[in-house]
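The questions below go through one structure, from its rings to its pockets and its overall fold. Each answer ends on the value or name asked for.

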Amino acid sequence: MTRYHLRYQVLPGADPRPLADFCVEHGVEEVVLMFGAEELHPGHLLGAEEDLWFELVRSARNVLAERGLSVSLNPWVTTGHADRGRVQDAGFAPMVSPLGEVSTTTASFACPAWRSWLAAHYGRFAELGFRVLWLEDDLRFHNHSPLTWGGGFEPEMLDRFELLAGEKPTRQELVAAVTGPPHPWRELLQRTWREAQLEAVDAVRQAVGGRAELGVMSSGLGVASVEGRDWAALFERARVHRPHFAPYSDTVGRTLAYSIAMLELQRPLRPPGVEVAPEVENWKHTEWSKADTQTWSEMVAAHLSGADALLLDVFPFVTGDPRRYPRVGRMLDASRPALDATLTPSPVTAGVGVPWWPSAAASLPGDGTMEGLTADPLRAADFLLPYGVPIRAGVAPVTALFGELAWAVPDPLELLRGGLLLDGRAASILAERGFGDLLGVTVAEIVARERPSRTPYSIERIVDGGALLSVNVQDAVARLRPARAAEVWTEILSPRFEPWGAGRVSFVNALGGRVHTIAACAPERLGRCDDGRRLAQEAIGFLGGDFPMVTGGPHLLPHLAKVGDRWRLAIANGSADPARPVAGVPSSATATLLRPLAPPVPVDPSTATVPHRGYLLLEWDAA
């Protein structure tokens, strides 16, 4: 059955018994206690303040355990989330940003005093007996407001860097070197950071001494790559994973594409046996922040991805008493039937491969900023999913590769022997890396939107039929020159209909691989339309995609997986309008409709109407 794990902050003076009652009544299996968090966060807890929270946590833990509930613990502070006007007075060396800004509360990973405090803090709370002790998501170098980008450039960290590099640049020299073209210092700084982070985790693990599992959170994969994060090493130490995958407040339904892609691309990070509980969060933690319909749809997405449990942030951190928010219980009760129906142990996903390499940032050319070292792993997924094309993580028989990520491909020939979808920037990079003869196009130049020209790019015309699409607001477009044996599907024109370059080009290369190149350098930001969907799906068909794709309305987001001996195609409606999905599945497929916050119902797949954020589940026997 569905496993609800509720993150909940204990408060001074609050009776924990209503929390226990709530959990028993609404089938919450585990409570993940939080303390000293957000509004009640004074900084790193020391002395009497730590004593206060220790006793509060002890009392709450005992009450919950007596009611048969599993209990875990989520301390709010590891290094420190953000300053927010707080001033840390524990004597810890502070983080320093690439620009030299000094945090007032966030500690440096290189500070031995902080590491000793961290180990003692976790070791003390481990005495109380918890299933999981969570390492908070501030266990990172990036995103420590108000620091620009984050930290890791403090004098103590630079001293550690010197031990590896054998030389000691100034902060400014180091930042310039690591944010420009690939430089040996970039890899050495990543190693410095990685070792400091893992030393902190090891200190916690030793202090906990096996009395609890450790849990770790992941957020953006691209920025974690900038830090040089070693996922395999982390999951040797922490055997529970809390992936971020959904926005924290109300968004339009098509953002489910982000959630589906985030869950899928984080799956390969985990070795077998690691428990996964995706973060179902809202901000500021009330129904005023995120509608129940959205929360429901995201929980279903998490279950379809193979989640073991759902880690719920659905109460304000200053709740005090869950009876103040009766809608939360009603939402959990109403969600359970659909969630039970979508529990998916060990799904084997299928679709276009969307690859990601955790070391990607080491290969990027840089632009002088830390942000310029981030390659977005989700761009291809963002293009394909709303067009009804399913995806899977990694390299596949058909793979999509967009943008700067092309620098990180370890073996481009592996991709070029199969089916490969490229945007203009990725094609340019592969040509620069020496693989131009296998693409079917020459990238004459990458043209920026604001470059003055009498013949600026503006229109994309489909060669077969002449329908027009727009490239008018693309930030950059590659001027493609097709090879003689290539097939031009569209052409780019100026506002006066003057030829500018090829728009979409297909090619069978000397290796037998198939390549389809889109001139736009950000296809996921092109204006969407039915013609755009047809072009995208026909391109995947040309590349060898032999899996079902979806039509019938805008933003019908597919998730295709083999579950046991059956195939399942789950189609989420990311549009606010109802839709009747059409998918190329066997006529023997059975269909189940999931309406938000309602029990599943069997339906006729040919006539089923899916509401906003609802799902149509199509299932058939695997051949």
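**Rings, pockets and fold**

Q: Which residue lies over the face of Trp500?
A: A charge counts as sitting over a ring if NZ of Lys or CZ of Arg is within 6 Å of the ring centre and within 35 degrees of the ring normal. At 4.1 Å from the ring centre of Trp500, the residue over its face is Arg479.

Q: What kind of model is this, and how are its residues numbered?
A: Residues are numbered from 1 along each chain as its sequence is written, and side-chain values use heavy atoms, with hydrogens and water left out. Local features need pLDDT of at least 70 and side-chain atom pairs count only at pLDDT 80 or more, while totals for chains, interfaces and linings use all residues, since the model is predicted.

Q: Over which ring does the charged end of Arg124 sit?
A: The distance from the charged end of Arg124 to the ring centre is 4.3 Å. The ring belongs to Phe54.

Q: How are the rings of Phe35 and Phe125 arranged?
A: Rings of Phe, Tyr and Trp (its six-membered ring) pair if their centres lie within 6.5 Å; planes under 30 degrees apart count as stacked, over 60 as edge-to-face and the rest as tilted. The whole structure holds 20 aromatic pairs. For Phe35 and Phe125 the centres are 4.6 Å apart with 20 degrees between the planes, and the pair is stacked.

Q: Which elements does the pair of Phe35 and Phe125 link?
A: Helices (H or I, at least four residues) and strands (E, at least two) are DSSP runs, numbered from the N terminus. The two residues are 90 apart in the chain, and the elements are strand β2 (residues 28–35) and helix α3 (residues 112–126).

Q: Is Phe125 buried or exposed?
A: Buried means under 20% relative accessible area, exposed over 50%, and partly exposed in between (1.4 Å probe, protein chains only). Phe35 has 2% relative accessibility, so Phe35 counts as buried. With a relative accessible area of 1%, Phe125 is buried.

Q: Why is the pair of Phe161 and Trp185 edge-to-face?
A: Phe161 and Trp185 are both buried. Their ring centres are 6.1 Å apart, and the pair is edge-to-face because the planes lie at 90 degrees.

Q: How many residues line the largest pocket?
A: On a 1 Å grid over the protein atoms alone, a pocket is an open set of points where a 1.4 Å probe fits, with protein on both sides within 12 Å along at least five of seven lines; lining residues have an atom within 4 Å of a point. The largest pocket holds about 420 Å³ of space. The closest to its centre are His81, Asp137, Arg140, Asn143 and Tyr248, and the lining residues number 23.

Q: How much space lies in the second largest pocket?
A: Arg267, Arg270, Val276, Gly306 and Ser346 are the closest to its centre of the 15 lining residues. The volume, taken as the space filled by probe spheres set on the grid points, is about 320 Å³.

Q: What is the radius of gyration of the protein chain?
A: The chain has 15 helices and 30 strands. The radius is taken over C-alpha atoms, and the globule rule is 2.2 Å times the number of residues to the power 0.38. For 623 residues the rule gives 25 Å, so the chain is as compact as a globular protein of that length, with a radius of gyration of 26 Å.
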